[in-house]
Amino acid sequence: MKNPDTQTLRAYDKSYVWHPFTQMRDWEAEEPIVIERGEGSYLIDTEGNRYLDGVASIWTNVHGHCRAEINDALKKQIDRLEHSTLLGLANDQSALLAKRLIEVAPAGLKKVFYSDNGSTAVEIAIKMAFQYQRLRGERFAAKTKFISFRNAYHGDTIGAVSVGGIDLFHGVFRPLLFPTILAPSPYCYRCESGGTGDETCDRFCLKELENLMKAHAAETAGLIIEPLMQCAGGMVAQPPGFVKKVRELCDRYDILMIADEVAVGFGRTGALFACEGEGVTPDLMALSKGLTAGYLPLAATLATQEIFDAFLGDYSELKTFFHGHTFTGNPIACAAALASLELFAQDRLLENLPEKIEYLEERFQEVRNLPHVGDTRQVGMIGGIELVLDKELKTPYPWEQRFGIRVCNEARKRGIFLRPLGNVIVVFPPLSITMEELECLMDGIVEAIRAVTGD
Ligand SMILES: Cc1ncc(COP(=O)(O)O)c(C=O)c1O
């Protein structure tokens with residue numbers, strides 16, 4: 001059946017769809033682009049216009065849109081089995097994928113618990129950490145709290161919001177949330193102590209973290225961190241050694257380390273997992289987004305043998321992890337993830353990244369010199385460009401003026417799709433992006449910033 005024309009689709013969207021993180025009154029005034037196809041690094045709308053996908057369809061796409069190999073794997077799987085529950089049954093794809101994930105994950109992670117999205121992967125990690133401490137015995141029963149970082153984002157369900165630290169998103173829900181022990185964000189450009197993150201910095205953030213751990217170890221079950229980069233908080237890169245030190249501190253104070261690699265996992269930082277960059281194995285690791293290369297909703301929470309073993313016992317002891325989702329281990333989604341992991345090897349994707357990462361570094365140096373760019377931050381293939389009203393004083397543009405959105409709208413006129421985080425322009429392309437496309441992306445971003453800031 002042929003689609004209705006663009007105007008009709010727009011009318012349907014405006015009549016019936018409630019968009020995420022969107023003031024719908026503004027949306028009603030827009031003429032939204034309606035995407036109907038994807039090809040490599042490009043999204044294509046109903047009018048045939050092509051947009052370079054500068055944010056990998058919200059940090060999910062890895063190998064480009066509509067990769068034949070993943071499409072074929074999905075078609076094969078659909079003809080065999082669309083879904084079967086993991087309650088009382090296994091399925092071939094979820095077993096194969098769990099084995100592969102454990103083979104490639106940081107050494108020491110041994111078990112895979114499936115769910116559907118990043119928020120649930122985080123919820124599961126939180127609940128596992130909480131119950132694990134209970135299962136260890138009376139001596140650890142007080143370990144019920146979590147340490148989280150200011151400016152963190154771990155998803156939008158209530159538990160995930162509780163460990164989040166972005167007031168703009170989370171403030172209104174505060175009465176619904178459980179309290180956490182909040183550590184300073186390692187946001188070097190806007191460090192709470194005035195530090196800079198370089199070799200002269202005395203790492204106020206780590207000292208504060210250790211003070212909090214010292215004071216609260218007996219009541220803390222776990223710590224949750226977005227390793228190497230707080231993404232939704234504005235692409236805030238952590239100083240080198242930060243994650244390693246957090247691991248050491250967690251060990252010292254007997255606190256579980258939960259790594260939320262929902263955004264940074266699957267090659268984004270240059271290694272398959274961000275924790276690898278600092279030689280760290282977390283106790284629990286949350287994965288989603290890039291897990292299926294952006295094809296389908298699937299998530300996984302990986303756990304150590306020690307955590308898994310604590311849940312073993314006689315049925316009547318009620319040590320079971322009572323948690324599950326209807327589509328847990330969906331075989332179509334697992335087939336996409338398996339095909340994606342094969343493509344990592346086939347395309348030598350990670351081996352080909354250093355050239356792209358270096359190129360981004362060069363372009364970011366140039367961008368940093370623009371009069372209204374306060375800071376640029378990059379970890380591997382992830383970047384953030386923070387726009388400021390006054391560079392000297394680091395004064396932000398007032399958020400109501402929506403400078404980030406204005407830059408993205410300019411970029412769109414140049415055939416580039418971006419989505420900002422406040423005043424931060426996000427660079428998060430599919431890992432398969434070509435050097436020419438990367439050049440086009442960065443040229444477009446520079447032009448768009450200049451057009452909006454008038455520089
Ligand atoms: C680090 C991190 N954790 C969790 C989530 C939540 O994932 P989802 O939107 O799939 O629930 C996100 C989403 O952006 C994220 O960046």
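This is a predicted model: local features need pLDDT of at least 70, side-chain atom pairs count only at pLDDT 80 or more; totals for chains, interfaces and linings use all residues.

Visitor: Which residues of α9 are buried?

Guide: A residue is called buried here if 20 or more other C-beta atoms lie within 10 Å of its own. In α9 the buried residues are C205, L206, L209 and M213. They cover an arc of only 95° around the axis, so they sit on the same side of α9.

Visitor: Which exposed residues does the face of α9 turned away from its buried side carry?

Guide: On that face of α9 you will find K207, N211, K214 and A215, which are exposed.

Visitor: What span does α9 reach from its first C-alpha to its last?

Guide: Helix α9, which covers residues 204-216 and so has 13 residues by the numbering of DSSP runs, reaches 18 Å, close to the 18 Å expected at 1.5 Å a residue.

Visitor: How many helices and strands are there in the protein as a whole?

Guide: The protein has 15 helices and 17 strands, and 44% of its 455 residues count as buried. Among the contacts with a separation of 6 or more, 70% come from residues 24 or more positions apart.

Visitor: What radius of gyration does the protein have, and what would a compact globule have?

Guide: With 455 residues, a compact globule would have a radius of gyration near 23 Å, and the 22 Å of the protein agrees with this. Along its principal axes, the C-alpha trace spans about 65 × 60 × 45 Å.

Note on methods. Residues are numbered from 1 along each chain as its sequence is written. Helices (H or I, at least four residues) and strands (E, at least two) are DSSP runs, numbered from the N terminus. The radius of gyration is taken over C-alpha atoms; the globule rule is 2.2 Å times the number of residues to the power 0.38. A residue is buried if 20 or more other C-beta atoms lie within 10 Å of its own, exposed if 12 or fewer, and partly exposed in between; C-beta atoms are placed from the backbone. Two residues are in contact if their C-beta atoms, placed from the backbone, lie within 7 Å. The expected span of a helix is 1.5 Å times one less than its number of residues. The arc is that of the directions from the helix axis to the C-beta atoms.
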